[in-house]
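Please look over the structure below.

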Amino acid sequence: MKALRFGLSLIRHGETQYNKEGLLQGQAIDSSLSETGRQQAEAAGRYLQDVQFSNVFVSDMLRARQTAEAIMKLNRSGSGLRMVCDPLLKEKSFGIAEGRRVQEVREMAKAAGQTFPGFTPPEGETEEQVKERVKDFLEKLLQQIGSEHWSDGGEDEASLSAAPSPVEGKADDGVRGVPVHALVVTHGAYMCVAVRFLVEELRCSLPPGCDEAHMFALSPNAGMCRFVLTARKEERGFKLSGIRCVFVHRRDPVTK
């Protein structure tokens, strides 16, 4: 059986003034990066400068676009790539809670017997609604990656499922020698839903030594998560056949 292997790196946008002040943004507040956020985005760009990307997708919100632009400006493979802005990657809507202090929303969630950021304030998106956006984006991503990069009938799937290379704390962990690699710049609550969906519904394997509490935690500003996926070509398009996580919430290169 032939298959296509590709990398998927999810990155949360850099810090905004709202993040710094502990205020919730969601969708209604389209804020720009703070000075620290710009430094974080540039640090991520320097860290990833030699990592090859074949595709770039980004939320259409300003803080995510600024982060992606800073990363690709420093990336050696970025000059010829088109950055695709996709509203499916928007942050979760927190309804009437947007603009309020995160701590206040945490208390609202606790009073409702829920946890943040999974809590849905009035007029906000539910976890299920965000998950539907995640599913729609991943399906779109899979079909685009497959149609653009499937060549020579793919590779032998048995060889692709061989023992993965060890994670060494390097920028290209998991994608060394993998020419197809999508960069996706999005948001914290959205990433929480995405990672949980990949693990719980797509049966993504966890990195060695990583428990679910860490896996499902909120990624820090400019935090990175990386996955390696395999897909098969079928009559009606491409279908995911395997997924594993390389690392989550990596922030060691990022300006604190």
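Are F57 and F137 buried or exposed? Both F57 and F137 are buried. The model is a predicted one.

## Aromatic pairs

The count comes to 3 aromatic pairs. F57 and F137 form one of them, with an edge-to-face geometry. Their centres are 5.6 Å apart, and the planes make an angle of 80 degrees. F57 sits in strand β2, while F137 belongs to helix α5 (residues 127–149). The two are 80 residues apart in sequence, so the pair ties together separate parts of the chain.

W150 and F238 make another pair. Here the centres lie 5.7 Å apart and the planes stand at 55 degrees. The pair counts as tilted because planes over 60 degrees apart would be edge-to-face and those under 30 stacked. W150 is in the loop between α5 and β4 (155–156), and F238 is in strand β7 (residues 237–250). This pair links distant parts of the chain, 88 residues apart. W150 and F238 are both buried.

## Packing of α2 and α3

Two packed helices are described by the angle between their axes and the distance between the axes. Helix α2 (residues 35–47) packs against helix α3 (residues 62–74) at about 35 degrees. Their axes are 8 Å apart. The crossing of α2 and α3 is right-handed.

Which residues of α2 meet α3? From α2 come A41, E42, A44, G45 and R46. On the α3 side, T67, A70, I71 and L74 take part. By type, the residues of this contact divide into 5 nonpolar, 2 polar and 2 charged.

## Helix α3 and its cover

Helix α3 has 13 residues. From first C-alpha to last, α3 reaches 19 Å, close to the 18 Å expected at 1.5 Å a residue.

The buried residues of α3 are R63, A64, T67, A68, A70, I71 and M72. What covers the buried residues of α3 includes helix α2 and several strands. Those strands are β1 (2–12), β2 (55–58), β3 (83–85) and β5 (181–186).

## A64 in detail

A64 lies in helix α3. Its relative accessible area is 0%, so A64 is buried. What does A64 contact, leaving aside neighbours within four places in sequence? The partners are H13, V58, S59, V185, T186 and H187.

T186 is 122 residues from A64 in sequence. In space, their C-alpha atoms are 5.8 Å apart.

## Positive phi outside glycine

E123 is not a glycine, yet its phi is positive, about 70 degrees. E123 lies in the loop between α4 (102–111) and α5. Is E123 buried or exposed? E123 has a relative accessible area of 71%, so this residue is exposed.

A222 also has a positive phi, about 65 degrees, although A222 is not a glycine. Its place is in the loop between α8 (212–215) and β6 (224–234). The relative accessible area of A222 is 1%, so A222 is buried. Thus E123 is exposed, whereas A222 is buried.

Technical notes. Residues numbered from 1 in each chain as written. Predicted model: local features only at pLDDT ≥ 70, side-chain atom pairs only at ≥ 80, totals over all residues. Heavy atoms only, no water. Axes fitted to C-alpha atoms, helices over the stretch in contact; angles between N-to-C directions. Helix = DSSP H or I, 4+ residues; strand = E, 2+ residues; numbered from the N terminus. Left-handed = near helix turned anticlockwise from the far one by under 90°. Contact = heavy atoms within 4.5 Å. Nonpolar A, V, L, I, M, F, W, Y, C, P; charged D, E, K, R; others polar. Expected span 1.5 Å × (residues − 1). Buried < 20%, exposed > 50% of the residue type's maximum accessible area, 1.4 Å probe, protein only. Phe/Tyr/Trp six-rings, centres within 6.5 Å; stacked < 30°, edge-to-face > 60°.
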